[in-house]
Number of protein chains: 2
Amino acid sequence: MNRVTIRDVANRAGVSQSTVSHVLNKTRVVEEATRQKVLNAIEELGYRPSQVARSLISKRTKTAGLLISDVSNPFYPDVILGVEEIAFTEDYSIFLCNTNYDLERGLKLVQSLVDKSVDGILFMSSSMSLQMVQEAVENQIHAVVLDWEDSNLQEMASTITINFESGIQQAVRHLVEGGHQRIAHVSGPLSLWTAQVRKQCFLKALEQNGLDPQQAAIIEGDLRIEGGRKAFEQLWQLNPRPTAVFAANDLMALGLVWAARNSGLELPKDLSVVGLDDIDLASKVSPSLSTIALPRREIGKMAMQMLLEMIRNGKEAAKSRITVDTTFVLRQSTQRVG
Amino acid sequence: MNRVTIRDVANRAGVSQSTVSHVLNKTRVVEEATRQKVLNAIEELGYRPSQVARSLISKRTKTAGLLISDVSNPFYPDVILGVEEIAFTEDYSIFLCNTNYDLERGLKLVQSLVDKSVDGILFMSSSMSLQMVQEAVENQIHAVVLDWEDSNLQEMASTITINFESGIQQAVRHLVEGGHQRIAHVSGPLSLWTAQVRKQCFLKALEQNGLDPQQAAIIEGDLRIEGGRKAFEQLWQLNPRPTAVFAANDLMALGLVWAARNSGLELPKDLSVVGLDDIDLASKVSPSLSTIALPRREIGKMAMQMLLEMIRNGKEAAKSRITVDTTFVLRQSTQRVG
DNA sequence: TTGAAAGCGCTAACAG
DNA sequence: CTGTTAGCGCTTTCAA
């Protein structure tokens, strides 16, 4: 009733453990007859090699950690699927960890992953600290970081940078060409690096399109539907009112849309709204949401590929840098002003 | 530059490995002075015990697998958060596995988890097979199964059963009392156990409320938004048309709502819609969705608690059974007929 | 109060 | 072509 070990197999087949091991790993030539005996013994006993024992020797666990902010943010599921798609092909398993936007919790999760000797960690939480990455790297664990930058990061991890500028630029141009002069922004929590970046890109885009960034209303939201709702309340009290809003993510954009409609507005006639992420829902709701798309599933796939690459290359692995572009997707939530 | 081992600590502190081990695990009394020497050495070397080596001896990995259908189904995120909430307190890490509703893939994932010696597996994919659970249990891995039944399951796993009857009953009564006589059902794929159960509960509820189950239109959907859309097209061609629809999950209900609105209907005036799951979105969209709620996060927490309990009790652990109730939540997508 | 040594299940020299 | 043996990093008897 106890675990079947390689020893049991060896005994049963009447060979040595090393022979069994070599049959298993095809790591040296074994006479066909012997091989068959071993294979039979394995079959009969239902033997399964212990990955734990293997890991102790090989220093590889075939596991990776995926650190995200919060699974219930619809940005993540597609990323996760992308990661898993690649992981599955290499028999890697993924530890999912939600930081809940909490730096301290994030660090604890990383430490736990380190203790479990994951082969690598994908840092995709928007609450990031250098310490987390250090914790991993110091313990010889490879790291891939999404959408975060730090001058010290370069030598430690591979990175995927999202080029928000392209998509935001397109969105703002679209609005301005549609006659919008007062475009507000609902940002994410400005303590987050990514929220800062999106905001800066937005301001820059305004400027490039002939509007005064100083005049733009900026409201800080929480990246959730509720934040969009609240932002609408505030926006609607402004004087003059904005005719268009760019929300830092789709959830807030949707919150805004629904709050606006509850207040009796007709969208997009009375207000144009642009989101960011292009979550599934964006194309499904009505009016469908104009948004800035980024290839979430691809990001997941690339991240896992980069990680596997680093794992394959071992300690000396070169750190790679990838930038992904964003693009504006025109749907029904925006229209010409007036 | 290599991993710091317990040996290094022992040498540095001038004691034996076993002393270090005992200090670490408080597993026997150590003189305070010695203890300090050890603690200092650990500190100085930055020693972290290898969980892998520990696991090899203890037969525990402090990891569990969570098998779900598809993270992008909004039913799951809250469940995951519940699972993680409990897991985190005990330093357990969770392998997230998406079956993509594919039995074969599901089995492979389970095998991979078995090979990695997880301490337990939470089966929460709606595509289930007895074989998956067997695979785990035969390898001494504890199992908790959500919303699935099989006569052979009883002795193998703990189970959480969802009592759909209560909520569906309430929903149907609400509709019937509102004057609805023709209530259609958009089911999940009828190959899924849970889809069958929901459908049966619905038919039973019709009967108990004086309607003829034979007359009810049943349309098979895919549990996704798109399925709801398509179902609407079909429903609208029926003659006579239904005045209300009960969709097997919220995603399809939303798809239905949006498709109906695109076709120029006013909801809930022209059609009442009830969903199931009470996903976050249900209360946020407009009109907000009447639905049948189930405590997703609680389910996640309970499942993980049951698993930990089984792990603590070892091989002989009793299998527990829990049933959770569902309740109808009245919102804006339903109203009296006419 | 502490240390020596065996062994968890496996891989990988080293010998034959 | 195959077996013996020494570990991987830790826990845990058994002795002292």
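**Note on the interface of chain B and chain A**

1. In this predicted model, the side chains of E84(B) and R105(A) meet in a salt bridge, with 3.7 Å from N to O. A pair counts as a salt bridge when the nitrogen of Lys or Arg lies within 4 Å of a carboxyl oxygen of Asp or Glu. Between chain B and chain A the count is six salt bridges.

2. Polar contacts also link the two chains. Across the interface of chain B and chain A, 24 residue pairs are in polar contact, both residues being at pLDDT 80 or more.

3. Several elements of chain B supply at least two residues each to the side that touches chain A, among them the helices α4 (51-58) and α5 (75-89) and the strand β2 (93-98). The largest share of that side, seven residues, comes from α6(B). By class, the side of chain B that touches chain A has 20 nonpolar, 15 polar and 16 charged residues.

4. The extent of the contact may be stated in residues or in area. Chain B gives 51 residues and chain A gives 52 residues. The area buried between chain B and chain A is about 4600 Å², and carbon and sulfur atoms give 57% of that area. In chain B, the residues that lose the most area to chain A are R48(B), F88(B) and K116(B), together 14% of what that side buries.

5. Chain A is divided into domain 1 (6-58), domain 2 (63-162 + 296-325) and domain 3 (164-294). The C-alpha centres of domain 1 and domain 3 of chain A lie 61 Å apart.

Key
Residues numbered from 1 in each chain as written. Chains lettered and ligands numbered in written order. Predicted model: local features only at pLDDT ≥ 70, side-chain atom pairs only at ≥ 80, totals over all residues. Heavy atoms only, no water. Contact = heavy atoms within 4.5 Å. Buried area = accessible area lost by both parts, 1.4 Å probe. Polar contact = N/O pair within 3.5 Å; in protein donor to acceptor, adjacent residues only side chain to side chain. Helix = DSSP H or I, 4+ residues; strand = E, 2+ residues; numbered from the N terminus. Nonpolar A, V, L, I, M, F, W, Y, C, P; charged D, E, K, R; others polar. Domains from an automatic or database assignment.
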